Each structure stands twice: as structure tokens, then as C-alpha cells.
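My notes follow, in the order I made them.

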Amino acid sequence: MHGLVVLDKEDQVIRPAILWNDGRTTKETDYLNQVIGKDKLSEYTANIAFAGFTAPKILWMKENEPENYKKIAKIMLPKDYLAYRLSGSFCTDMSDASGMLLMDVKNRCWSKEMLEICGVTEEQLPKLYESYEVVGMLKPDVANELGFSESVKVIAGAGDNAAAAVGTGTVGNGRCNISLGTSGTIFISSEKFGVDKHNALHSFAHADGHYHLMGCMLSAASCNKWWNEEILGTKDYVAEQADIKNLGENRVFYLPYLMGERSPHNDPDARAMFIGMSMDTTRADMTQAVLEGVAFGLRDSLEVAKSLGIQIGRTKICGGGAKSPLWKKMVANILNVTVEVPKSEEGPSMGAAMLAAVACGAYKSVKEAAEAIVTVKETIEPDAELAAKYEARYKQFREIYPVLRPLFQKLD
């Protein structure tokens, strides 16, 4: 999601894509939030500006690469470039487009005000489709090159988290999915449009034709990968977790902000850190702190949802981190929710396949597909005593970042 791909009038890529986790747009993000104003942005798009979003990247190009900016004929997201090459259809879907900060999410159309702010026209933007709609067919030359039939349909598709939600059955009102991938998300589906007053959560269109709220951490399973492979020098994740015994009693905290943070802090200057170490701190304590820190970060977004009156008692979970029994147990008890593990571990790819099935007529709706396909293979219930211990630890965790925020800005 959010990556900027730009083509010239000859359909040639102008510059390498600027990816979702690129933090170069701090100046442009501040301009949008502080000069244009968060209230106006929320009115226009249902969201405020984050460094990773697409609109700030366009403004960065305008400021730093004016010659490239002048060449722009088409603006698209990475997956939509693939659809364009495959079918010739200049298209995107509602869920992925929601993260560009160019779309009026409530009305599911491009925002004229945001296009004017960014100096682009609607002709430069792709046609909007629902995620389960056919955008075209394989071009004859592509079909021939790939050895496929020309009758193969190309489907609009979805942003990764919206696809993961479909693949885990997070469709309908008040359903929840947690993704422990490179980034971490808590995804709450809704049949009605809604925005939290501080815009701490993203308000996006869902791949099922409705809406969702989403809290997004920039570093989740990537924190565990960094800690194990870069710092400890091992890929044996299971062995590193084997000595972790005393859950809810670790005195070491870890802030999971390796690449800054999105939800709920919106702070590209935030950085990861350990705090609370002493001479008796062990390697296992620090590994435990990394896992817990990510779960605490997810809890931050859950608290925003609670402030809107949304009560989440259970959630699905997917992503590479969900393969860890220990991490799933931590999530269940730190968030104090029942965690359900779908039979299919690959939420996003399963969701994409389900969207294609709907588009091809195998199911009448995304909800029907989810009800027919998604099954649960494991359920983790929170333990009252352990959840109480983690409740106390979480209250301590949430006090750390506000104290350090001014320091992060100075360090940057």
C-alpha cells in the first residue's frame, strides 16, 4: 500500500517507486497536517497525513524532483502497475486508494480538494473499482508470453491488510483481525463509515464494499527479525523463545519503533529502545520484551477503538508472527481478547483468491465467500490472572513514549 509509481506519457516508469515505509516526507507531512490542517484533511479524506501515504510523496517529488514531477501522466500504486501491464486497465481499488490521502473515503471517489492541493488532475489518477470487480482481461501478447488463455480476468484486488481481513473472515460489522507481519495491524470491519476524532486510526474503504478502521504499526514481526538476526545473529526463533517462562513479570520494556510509528502516535521521529534493564537482565528477558512491546503497540490502537465505543471480544490473527504459540498467547492476554487462528495461515493471498472467486461469480458477495471458506483451527483464550498482570504492565508501557517524544525530536 501507499507506494508511489509514476509513468510518463509514453507509459515509461519515471523513477523508482517510493515505498510505503519511506520516511523522506516529514516536511510534506507537516505541511499537510499543520498548514492545510488536520481538520480539513479529515473532512476531505477521513484521514490525516502520515509520512508513508502517497500524497506527501507526490509533494516531495514536486519539491525535490520538479522535472520528474512535470513528466507525470499516470499515478498508481505498485499492484496497480501490475494490473496495468497485464490488462492495459488504468485502475485501482477502493481499499488501496484509501491510503493515498487523495480519496474521499466516505463517498468512495477522488477528493477534488486533495487533487488541487497536490497539483494533480483526475486524469492522472486511475479509475476506482471495488476490490471484487473485474478490471479487464489479459492482453493477447501478455497471455501468449505467460502461456495463459486470453480469457483470464484481471481483478481489482485490495490493499494487503484489507485482503488479509477477507482471508481471515473479517467481514461484517465489528469483526477484528490482527496481522503480525513485517508491519503490524489491528483491523476492525464496519458496515458504516466512521472516524475517530483524533484520526489515530486510519478510516479506509474495506474490500467487501463497506469500511474499516485500522491501526498500523510500522514494525511488528520485523522487530523480532531484527533482534534475532541482526543483534543475536540467529535464525532459530523457536530456540530464543524457549527460555521465556514468567509472562507478565518482565521488568524490561521495548518500544517497537524501528522505523518511526504510525498508529496511534504518527511520529516518524520515534525510535526503538529497551528500558528497565539491570545486571540480572537475561537474553530471554530482552527477547520477551521485543514480543511484548509489539503486542503493547497493538493494544495502543485497540484502546482508540474502545474510546469510540467499539468492544472487541475476539479477533482473528495472521502473518508470520502468528506462527509463534508464545506470541499468540501474549497477544491474547495483553489485549485481553480471544484469539482465533484461521486454518489458512496466508491471510492476504487467501483473501485475494476469494476476491477473484467473487469477481468470477463463484460467490455472490465477499461475505458469502468468507462464510463458506474461512474456518478456525485454534482458539487461544486469555487467562484472567495473566491478563491482570499484563494490564498493570501495559499501564507502565504507555507512560514511556510521551516522556520520550521530545527527546526523539532532538535526536533526529
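Is Glu 229 buried, partly exposed or exposed? I looked it up: Glu 229 counts as partly exposed, because its relative accessibility is 22% (buried is under 20% relative accessible area, exposed over 50%, partly exposed in between, with a 1.4 Å probe and protein chains only).

A note on the source: this is a predicted model, where local features need pLDDT of at least 70, side-chain atom pairs count only at pLDDT 80 or more, and totals for chains, interfaces and linings use all residues. Residues are numbered from 1 along each chain as its sequence is written, and side-chain values use heavy atoms, with hydrogens and water left out.

**Partner of Glu 229.** I found Glu 229 in a salt bridge with Lys 225, with 3.1 Å between the closest N and O atoms (a salt bridge is a side-chain nitrogen of Lys or Arg within 4 Å of a carboxyl oxygen of Asp or Glu). The two are separated by about one helical turn because they sit four residues apart in helix 9 (residues 221-232). Helices here are DSSP runs of H or I, at least four residues, and strands are runs of E, at least two, numbered from the N terminus. Lys 225 is partly exposed too, at 45% relative accessible area.

**Strand pair.** Next I checked Arg 314 and Glu 340, whose side chains meet in a salt bridge at 2.8 Å, N to O. This pair links distant parts of the chain: Arg 314 belongs to strand 15 (residues 314-318) and Glu 340 to strand 16 (residues 338-342), 26 residues apart. Arg 314 is partly exposed at 43%, whereas Glu 340 is buried at 13%.

Lys 27 is in helix 1 (residues 26-45) and Glu 63 in helix 2 (residues 54-64), so I noted a link between distant parts of the chain, 36 residues apart. Both residues are exposed.

**Whole molecule.** My search of the whole structure gave 20 salt bridges. I counted 15 helices and 17 strands in the protein. Buried residues make up 57% of the 412. The C-alpha atoms fill a box of roughly 65 × 50 × 45 Å along the principal axes.
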